[in-house]
Amino acid sequence: MNCERVRDLLSAYLDDQLSAPERQSVTTHLASCADCRGILAEYHHFDALLSQLPRISPSPTLHTKIFTSPRYLKLEFELERGLQRPQVVAEITHNQDISFAILLLLIGFSTLLLLRHQRHHKHTQ
Amino acid sequence: MVRVETKENSWSFEQIYDEYKTPIYNYVYHLVGDREQADDLTQDTFLKAFRALPKMDANLKLSAWLYRIATNTAYDALRRRKLIAWLPWQDLDHEPADVDSADPQEIYGTTEIVRAALRRMPQQYRAALLLYTQEGFSYSEIAHTLNIAESGVKMYLSRARQSFREQYRSLEQGGGAK
């Protein structure tokens, strides 16, 4: 195995994810290649650095932001009412929107008819 | 109080938040590199999870599932940020570092170099490396979280380590912003 091939396998070698023959080939190569051994040692070191990276906590206000957000309160409302009511509310709102549009159309149409009727009446006079 | 059942436990939303707030926030922070944005994305992650959780199967592996939502939420934000970076008024040299809110002692220390190297890596490799080293996920859990085949995890981690090494060494030798 050459260095290029070994370097592609070093990560899996470190995690013990290679087949037995692959592992054996990499081990043999490492015994005679200081450069590849160096990279493996670096990977090991970087894994340790990453695992020791201090954990960062969210701001203390995040809890309040989540549990008083309109999205959360809406969800809680829906769940407490068995997921049904918000959908019904949405349907009613939707139906009301349609009714309002029909009403506007009727008013518009009636006004148009009335204007035409008035104009026709003026002409006949 | 709303409770949900998984195979492992019976949870209230508050318990889920208390258990996972720091690991999820920490993970999201390292994916996006900005504390304020990490706060918003963590909030979004939990709210998405709370909404979907009552409909999920009881066999759900809560931890991997939460990280999956967090990953997708962070990726969406990074995609938006990339789009915004194309706009003419955006400062292209801006690095999404968190220098203002970081501990000043850490700015030039190893911890900050590690964080900076992470920020410079391709996002999918960064996620895999964080899940493996910080969260202690197995290859199978990483595959599930990132929605890739288990064989792909081997490749992701290999490229992640190569990329991290490259970035870390460049920063250590005084390499400035990319």
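Buried area is the accessible area, taken with a 1.4 Å probe, that two parts lose on being put together, summed over both. The views below all show a predicted model.

**View 1. The contact between chain B and chain A.** In this predicted model, chain B and chain A bury about 3900 Å² between them, and 60% of that area lies on carbon and sulfur atoms. The contact draws 44 residues from chain B and 35 residues from chain A. Across this interface, 22 residue pairs are found in polar contact, with both residues of each pair at pLDDT 80 or more. On the side of chain B that touches chain A, the elements giving two or more residues are helix H1 (13-32), helix H2 (35-52), helix H4 (110-120), helix H5 (123-133) and helix H7 (150-172) of chain B. The largest share of that side comes from H2(B), which supplies 11 residues. Sorted by residue class, the side of chain B that touches chain A comprises 18 nonpolar, 11 polar and 15 charged residues.

**View 2. The two chains and their elements.** Chain A contains six helices and zero strands, and its elements run α-α-α-α-α-α from the N terminus on. Chain B, by contrast, has seven helices and two strands, in the order β-β-α-α-α-α-α-α-α from the N terminus on. Of the 125 residues in chain A, 26% are buried, whereas 49% of the 178 residues of chain B count as buried. Among the contacts in chain A with a separation of 6 or more, 44% are between residues 24 or more positions apart; the corresponding value for chain B is 64%.

View 3. Side chains of opposite charge can pair when their charged atoms come close. Within chain A, the side chains of Lys74(A) and Glu78(A) meet in a salt bridge, at 3.2 Å from N to O; both residues lie in helix H5 (residues 70-80) of chain A, four residues apart, which is about one turn of the helix. Lys74(A) is partly exposed, with a relative accessible area of 49%, and Glu78(A) is buried, with a relative accessible area of 8%. Glu78(A) also forms a salt bridge with Arg51(B), the closest N and O atoms being 3.2 Å apart. Glu78(A) belongs to helix H5 of chain A and Arg51(B) to helix H2 of chain B, so this pair joins two chains. Arg51(B) itself is partly exposed, with a relative accessible area of 33%, and, leaving aside residues up to four places away in sequence, Arg51(B) touches Lys74(A), Leu75(A) and Glu78(A).

**View 4. Further salt bridges, between the chains and within chain B.** Over all chains, a search of the whole structure finds 15 salt bridges, and the count between chain B and chain A is eight. One of the pairs is formed by the side chains of Lys65(A) and Asp40(B), which meet at 3.6 Å from N to O. Within chain B, Arg119(B) forms a salt bridge with Glu112(B), the closest N and O atoms being 3.2 Å apart, and both of these residues are buried. Salt bridges that share partners also join Asp15(A), Asp47(A) and Arg161(B) into one network.

**View 5. The surroundings of Ser11(A).** Ser11(A) is placed in helix H1 (residues 3-14) of chain A. At 1% relative accessibility, Ser11(A) counts as buried because the cut-off for that class is under 20%. Not counting residues up to four places away in sequence, Ser11(A) touches Tyr43(A) in chain A, together with Tyr139(B), Leu157(B), Ser158(B) and Arg161(B) in chain B.

**View 6. The surroundings of Ser163(B).** Ser163(B) has its place in helix H7 of chain B. With a relative accessible area of 12%, Ser163(B) is buried. When residues up to four places away in sequence are not counted, Ser163(B) touches Met121(B) and Pro122(B).

Notes:
Residues numbered from 1 in each chain as written. Chains lettered and ligands numbered in written order. Predicted model: local features only at pLDDT ≥ 70, side-chain atom pairs only at ≥ 80, totals over all residues. Heavy atoms only, no water. Contact = heavy atoms within 4.5 Å. Salt bridge = Lys/Arg side-chain N within 4 Å of Asp/Glu carboxyl O. Polar contact = N/O pair within 3.5 Å; in protein donor to acceptor, adjacent residues only side chain to side chain. Nonpolar A, V, L, I, M, F, W, Y, C, P; charged D, E, K, R; others polar. Buried < 20%, exposed > 50% of the residue type's maximum accessible area, 1.4 Å probe, protein only.
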